[in-house]
Amino acid sequence: MGILNNGSKRQLYFIQFLLILAVTYILYLFLPQKGGAVLPKYELGKPWPGSMLIADERFDILKPYREVEADSMRIVKEFRPYYNLNQNTATEVADNIAKAIRESEKEELQQLIGPLNRSIHSLYSKGVISDDEKAKLQGNTEIRIIKTIGNTKSVLPIDVNSLWVLSQIYGNLFIDEELKKYQSALKSLGIEEYLVPNMEQDIEKCQAELKDELDAIPRYFGEVAKGEKIIDYGQIIDENSYWKLKSLEEKIKGEELVEKQVKAKQLGQALLIMLFLILLTDYINMFKPEYTLKLRHLLFFYSMLLIFPLIALLFNRFTTLSIYIVPFVIVPIMMRVFFDSRTAFITHVILLAIVTVALTLPSEFLATQLVGGMVAIYSLKDMSSRSQLLKTAILATVGMTLIYYLEQLIQIFRFIPTRRTAEFYLYFVFNGILLLLAYPLMSLVEKVFDFTSSVTLIELSNTNKGILRRLSEVAPGTFSHSISVGNLAAEIANRIGADAQLVRTGALYHDIGKVTNPVFFTENQTGVNPHEQISEKESASIIISHVLDGQKLAEQYNLPDVLKNFILTHHGLGVTKYFYIKYQNAHPEEIVDKSTFMYPGPNPFTREQAILMMTDSVEAASHSLSEYTEENISKLVNNIIDSQVNEGYFADSPLTFRDITQAKQVLIEKLKAMYHTRIRYPEAHKKKETPATDNAEQEEKTE
């Protein structure tokens, strides 16, 4: 993921356009795409979260589901099933038994055929059902029998208790005294096997009839007239308004939009989301172009605006929990940690706008989340430790809860929340717990997106460990110079609105390469100058090498890229003028290759890097002044910085002429304070001086 600032603007805009399209398309795929309007989530006994609803047209009010279910259960319980009665079964049974008697060749049984036929027809005329079928009718007192005579069907109700069960038929055949005498002989013929039921349930008829009866249950108990107010914002949802809303929701679901209408709705959603993303992109390009230097930084912006709306859409689709559980405030926290307060606020507003469009959320969602984000941004104004994230999570939770309480106070006019409303506050508590995820996310984002937070910079500013401790031991002069440069640069950053902590930490590390050859640098010398023993080219090479050596040490100590850039840019593409001019004077006939005496660069491309370049040069040169007067210091500062401007060192940085002017003022003020410059007192003309007056004047001058 390389630096983008040196490339063309067209390339940058093209990358941004692709990212906007990608985010828009992915969110579009997960947007609710059903026809009609979508009502916000609502619950019985809680305030209506949406705006005032007016009926566009008349619709019926659904009867409560529990009442419809009770009616359905009653109809099922009281339903009288239909049975087909086979008129031929009795004749078939009698004929089969008669055939068995004739084939037995028992003369005494032949006379029983007539009485058996009469008994069988008498029993079967009431209806015979199987034992299993009778068990199914438990609880029923009446059934309906379908009798078919020719082409005519008739339905007759019959008492269930009047029916014969198949297991009872055989015993009742022998009620007749004459048949009873021959029961044993008839049993030996196995006539019991010929007995079958003559009734069978008409399942198709039963299902159709039951469906008709269930469909006939009244589903509505009233109507809403066209133009009638259904519910107003903040109104408590009672039983009546709840079923009005349910009825409207069912009506909406039942309406199917034509294809053109669906496409128009989807296009509107996509374009609105894209517009929000374009607005944020324009803000970055206009006011924070330095945030577009790396592709990974751009990816971070757009991933935040993709991940959290996507979570909200999936959360809304697959759960029934409140959207308030989703910790949207993590986005402004991350933006504030790695960028600035204004960018964090703008990004948070755009995020909430996208989520609101996607889910049609009410104004109270915007109010609570907006305040939560603002509280989080403000609480991180001076972030110095990671533990501050715990405080931020608590404050943001309190802020969101307070705003919700005030809105409920306006809506339901009660200081003490109802039980249902009180349960809603648990969502904010859970949200606050999830906000603590910002702690591990901060480290993850730093590694994945190549960011360096202010907390990390503070931790890296510890001079008692790592390369800074080594610098203080090996090159104390350079270490002292770095601290002075850091203090001066931080003052300039505060004055012009740059990142003071970043430039202070960058100043501490900008000269770490000098630990390799500390004695070759003036601030570390104690009388012996090794440059006198070598040529100008060798001296220039050693001086220039501290930049590359510093880069190697930064790699060795795993310093973030943002600090490596300070090492590379604090001299930019400048020249070691002392040795370059000295070499020119010593070789007047030679065409000198300037690149031999030039630092590797690049020139500063951020305001903080430009501040460090100015401060580093001025602080180092200030030690060469023979007299620290206001005139000398002002002249030194102006000459050095004007020379850097004229040579184009700041051409790639967003530093303005106003910033440069203010930087000069800060440097002059601070150097005057550091070197205790004083105004010159006028000397009095005296005719005669005594020893006492001489001493007094001397004391005054040394003050």
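Colleague: What covers the buried residues of helix 23?

Modeller: In this predicted model, the cover over the buried residues of helix 23 includes helix 20, helix 21 (466-474), helix 22 (476-496), helix 25 and helix 27.

Colleague: And how many residues of helix 23 are buried?

Modeller: Helix 23 spans residues 500-509, and eight of its ten residues are buried, so the helix is largely enclosed by the rest of the structure. The buried residues are Ala500, Leu502, Val503, Thr505, Gly506, Ala507, Leu508 and Tyr509.

Colleague: Helix 25 came up there; how do the axes of helix 24 and helix 25 cross?

Modeller: The two axes come within 8 Å and cross at roughly 170°, which makes helix 24 roughly antiparallel to helix 25, since angles over 145 degrees are counted that way. On the helix 24 side the contact is made by Val547, Gly550, Gln551, Ala554 and Glu555, and these meet Lys564, Ile567 and Leu568 in helix 25. By residue type, that contact divides into four nonpolar, two polar and two charged.

Colleague: What about Asn558, in the loop between those two?

Modeller: Asn558 sits in the loop between helix 24 (536-556) and helix 25 (561-569), and it has a positive phi of about 55° although it is not a glycine. Most residues other than glycine have a negative phi. At 67% relative accessibility, Asn558 counts as exposed.

Colleague: Which way does Asp450 go, buried or exposed?

Modeller: Asp450 counts as buried, because its relative accessibility is 15% and the cut-off for buried is under 20%. Its phi is also positive, near 60°, in a residue other than glycine, and Asp450 is found in the loop between helix 19 and helix 20 (454-460).

Colleague: Where is the cis peptide bond?

Modeller: The cis bond joins Gly601 and Pro602, with omega about 10°, and Pro602 lies in the loop between helix 26 (577-586) and helix 27 (607-622). Most peptide bonds are trans.

Colleague: Switching to the hydrophobic side of things, how many residues does the largest nonpolar core have?

Modeller: The largest nonpolar core has 72 residues, and those with the most contacts inside it are Phe300, Ile323, Phe328, Ile333, Met334 and Phe338. Helix 13 gives the most to this core, with twelve residues. Apart from it lies another core, of 51 residues, among them Ile496, Met613, Ala621 and Tyr675.

Colleague: Let's take Met334 from that list; what does it touch?

Modeller: Not counting residues up to four places away in sequence, Met334 touches Phe300, Ala438, Leu441, Met442 and Val445.

Colleague: How does helix 13 sit against helix 19?

Modeller: The axes of helix 13 (residues 295-318) and helix 19 (residues 438-449) come within 9 Å and cross at roughly 135°, and that makes helix 13 oblique to helix 19. Arg296, His297, Leu299, Phe300 and Ser303 in helix 13 meet Val445, Lys447, Val448 and Phe449 in helix 19. The residues of this contact divide into five nonpolar, two polar and two charged.

Colleague: And Leu389, where is that and what is it in contact with?

Modeller: Leu389 is found in helix 17 (residues 388-412) and counts as buried at 5% relative accessibility. Leaving aside neighbours within four places in sequence, Leu389 is in contact with Ile333, Leu380, Met383, Ala438, Tyr439 and Met442. As for Phe300, Leu389 is 89 residues from it in sequence and 20 Å from it in space, C-alpha to C-alpha.

Colleague: Last topic, strands; in what order do the four strands of the open sheet run?

Modeller: The order is 6-5-3-8, and the pairing is mixed. Strand 6 (152-159) and strand 8 (199-201) stand at the edges, each with a single partner strand, so one side of each is left without a neighbour in the sheet. On average, and with direction ignored, neighbouring strands of this sheet are turned by 30° against each other.

Colleague: How do strand 3 and strand 5 pair?

Modeller: Strand 3 (residues 82-85) and strand 5 (residues 142-149) pair in the parallel sense over four bridges, and the bridge partner of Tyr83 in strand 5 is Ile145.

Conventions:
Residues numbered from 1 in each chain as written. Predicted model: local features only at pLDDT ≥ 70, side-chain atom pairs only at ≥ 80, totals over all residues. Heavy atoms only, no water. Axes fitted to C-alpha atoms, helices over the stretch in contact; angles between N-to-C directions. Parallel < 35°, antiparallel > 145°, perpendicular 65-115°, else oblique. Contact = heavy atoms within 4.5 Å. Nonpolar A, V, L, I, M, F, W, Y, C, P; charged D, E, K, R; others polar. Core = buried A, V, L, I, M, F, W, Y, C linked by side-chain atoms within 4.5 Å. Buried < 20%, exposed > 50% of the residue type's maximum accessible area, 1.4 Å probe, protein only. Pairing = 2+ DSSP bridges.
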